[in-house]
Structures are given as structure tokens and as C-alpha cells.
Amino acid sequence: MDYNNSFIIPMSSPDITDLERQAVMDVLQTTSLSMGARILAFEAAFREFTGAKHAIAVNSGTAGLHLCVRAAGIQAGDCVITTPFSFVSSTNAFLYENAIPVYVDADPQTGNIDPKMVEQAAQDLLKGGSSAQRWLPRKGAEGKGILKAILSVDVFGQPADFDPLRASADRYGLKLINDSCESLGAVYKNTQAGRLGDYGVFAFYPNKQITTGEGGIIITDDDQAARIMRALRNQGRVPGDTWLDHSLLGYNYRLDEFSAALGAAQMLRLEELLQKRSRVAEWYNRYLAEVNEVEVPYVSSTTSRVSWFVYVVRVSPHFDRTNVIRSLAERGIPSRPYFSPIHLQPFMVERFGFREGDYPVTEDLGKRGLALPFSGLMTEEQVITVCSTLKDILIPR
Ligand SMILES: *Cc1c(COP(=O)(O)O)cnc(C)c1O
């Protein structure tokens, strides 16, 4: 049954003001609908907010990750250490180049990649032979298997544990790519999310902290990488190329001016948007505190600020999550499994031979994770409705 029309609370909603709507409309009065002043303003806002030397706007987070993969020189048969507990595009970005995933399981508390296992995997891969073999997929991993990069993901808005990841990357000469698509504004110790790698990527799909409809941005301090990424997003044109000169094999990953105008306007309200989301998360924490049947999100001591992207609880293993989702839907409340482990997606099983049991923490979190309705626009009453409905389902009277 499709409950979509009967939900009393939306799963997520973008927070957009009249001024922001007007900023989009104003683009129509100009002659540049792509690659104009709004892109420059949007990129400048990111340089200012993050302190990064370069910001390169693109038309999705996935496109941004793909450009990082290209800039890192990751090629067919190269290995990338990453996590299967993520949205699928963090892996897809390097599969487009036929690189090989070396998955490391998640930390059971935060759901972020386990840095101790990353270190072990890097050590073993560089040793080669049977030590390396145990980290590689069962099939589809033929080739030289040169380890090139670590790709970390800031799960649900909480930064990965970067100090040890950075140390491993430096020790083995690897690039560190931060998929910070869920963590704009989060802080790890004293550093902004996205700033701890060689490259960081943010995304602006409508459920993200700020939105441009579709869109993404890459930040980096690396001049050479920034030059390559700017060229690749624009059909491989390097500075000096005319519209029909293409020095490199590139893509059309350009962000349009409407999206950039919305993004630049939203960036002016970032702090407000983050605070509203944080307030909603605190309501959830409060109203779920005494519900032992679900675990609320865990915040690590290395996280100085969570940038709440989604609110995901873990349902106790005694419950069948599918039934919980159905019961919530019957009462008008949408909810979703989150994440679905990447290694068990049909195309991954087919290509690399992954099986259930390969990454037990990821699979456990994948089975029990339940994303509840979440946005900065939710009212306390709505949060109470969700929490009391969930309680009624889990603890029938
Ligand atoms: C949203 C997101 C992306 C990028 O998604 P797009 O839809 O391509 O903008 C990448 N990784 C993670 C973890 C995400 O949540």
C-alpha cells in the first residue's frame, strides 16, 4: 500500500524564504543562466565559511566526489579504502573509474568508518599477498591493486574520526577524500567538516542542510587539483581553451545560476538553519530518552558540533523494523530504513561477490536504523506526535 498521500508529517522539507525565492527569480533578469555571477558568489561563500582556498560548485554531490576521484589520479584497478555504511554514491564515484572498493566496517556507535581497521587494511594491502587478499572483494579485484586513497563519510552529519585517518593517509602517501555531503557545518575538534581531507564534498539535494534543488561543491587547498576539477566540470576545457577546445576528457557537471542563487542565499542563513535542525534533534532526544526500545544517535567526544542531517534511531533487535515502518505509516508517520549497506546492493553483489556477513556492524546498523521525519521546520508538537506514536507501536498498552 502506498501511504504517500496520507502522511500527516513530511519525511523532510526544505526551508526556503521569500527572499530566497526572489533570488532565484532574479536570475531570469540576467543574460547568464549558467557559469555567471551566482556561481562565483556561491563558491565565495564556501571559501569564506570553510576557510578553504578553493571551492568548485558542481551539479550534484556525486559529481563532486567523482571529480575528487579524478583529481586524485584514481584509475582502473586502483584500490580505495572506504565504508559500506553510506549512501551509494560514495562508492559509485570511484566505480565510474573502475577502481576497487576495500571496505572497512563501521564503528558500532557512530556508524563512521573505523580508523583502526583503516590503518590495518592499508598496512596489509601494502604488504600484498595473502595479507592483502583478506581485504579485497572475492571477485572483480584483479589488477595491480595499487592503494590510492581513503574515502571517509561523515555519517548522518557527524564527522568521521579524522586524526587517525589523516595519520594513515600521510603514512602511506594516500589521498584523503571527505564525503561531507551530510555534514555541512559540523565540527571535528576545532575543524570544519570537509576540511580534514585533501578534498571535501558537500551536497544540496532538498533534504540536506542547505539546498539548491540539485547541486554540490568541492573544497580543497590544492591548486593543481582545483584547476583539474574546474576543467573537468566544464567538458575538460582548461584555461585558454575555447568553447570547442577540450584538453581533457571532461563532463558537464556545471551548476546552473538558479541553483547557485538559491545556494548563495541559503548560505547567508546557514547558522539559523543548523540551529533549527539542532533544536528538532534535541526534542527527539528528549522525547525518546525514556523509550528503551530505541537507541538515540550517539555523539562522539571528537565531535564539537553535529550538523543534524537526519534523525536515525536504532530499533532494538527484538522488533521487526519492517513492521515498525508499516505501523508508523498506518498512523500517518513516514519513516525509512537508513542506510542500506552498499556491499549488498544487487550490482555490488554481482560485480564483487559480496555476501551477507561480510561487514557485520554495517549490516546490523542497516537492519535496525530507522530515519524518522526530520527537518528544521518541524514543530515540537510534530516531534511529540512521532515519538508518542513510535512508543505506542513499540510498547503496546
Ligand atoms: C547526499 C549524499 C551524497 C550526494 O548526493 P547527490 O544526490 O549526488 O547530491 C553523497 N554521499 C552521501 C553520504 C550523501 O548523503
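Author: Helices (H or I, at least four residues) and strands (E, at least two) are DSSP runs, numbered from the N terminus, and two strands pair if DSSP finds at least two bridges between them. This is a predicted model, in which local features need pLDDT of at least 70 and side-chain atom pairs count only at pLDDT 80 or more, while totals for chains, interfaces and linings use all residues. Residues are numbered from 1 along each chain as its sequence is written, and side-chain values use heavy atoms, with hydrogens and water left out.

Reader: Which residue in strand 14 does Arg314 stand opposite?

Author: Strand 12 covers residues 311–315 and strand 14 covers residues 369–372, and the two pair in the antiparallel sense over 4 bridges. Within this pairing, the residue in strand 14 that stands opposite Arg314 is Gly369.

Reader: What is the order of the strands in the open sheet?

Author: The edge strands, each pairing on one side only, are strand 10 (294–295) and strand 13 (336–337). The sheet has 4 strands with antiparallel pairing, and their order is 10-12-14-13.

Reader: At about what angle does helix 14 run to strand 14?

Author: Axes are lines fitted to C-alpha atoms, for helices over the stretch in contact (heavy atoms within 4.5 Å), and angles run from 0 to 180 degrees between N-to-C directions. Helix 13 (residues 360–368) lies across strand 10, strand 12 and strand 14, at about 45 degrees to strand 14. Helix 14 (residues 380–394) also lies across strand 10, strand 12 and strand 14, and its angle to strand 14 is about 145 degrees.

Reader: What percentage of the area that the ligand exposes when taken alone does the protein bury?

Author: Polar side-chain atoms lie by oxygen atoms of the ligand, at 2.4 Å for Thr62, 2.6 Å for Glu182 and 2.9 Å for Lys208. Taken alone, the ligand exposes 380 Å² (by the Shrake-Rupley method with a 1.4 Å probe), and the share of this that the protein buries is 92%.

Reader: Is Phe156 buried or exposed?

Author: Phe156 lies in the loop between strand 4 (147–153) and helix 7 (162–171), and its phi is positive, near 60 degrees, in a residue other than glycine. Buried means under 20% relative accessible area, exposed over 50%, and partly exposed in between (1.4 Å probe, protein chains only). Because its relative accessibility is 14%, Phe156 counts as buried.

Terms used
A polar contact is a pair of N or O atoms within 3.5 Å; within protein, one must be able to donate a hydrogen and the other to accept it, and residues adjacent in sequence count only if both atoms are side-chain atoms.
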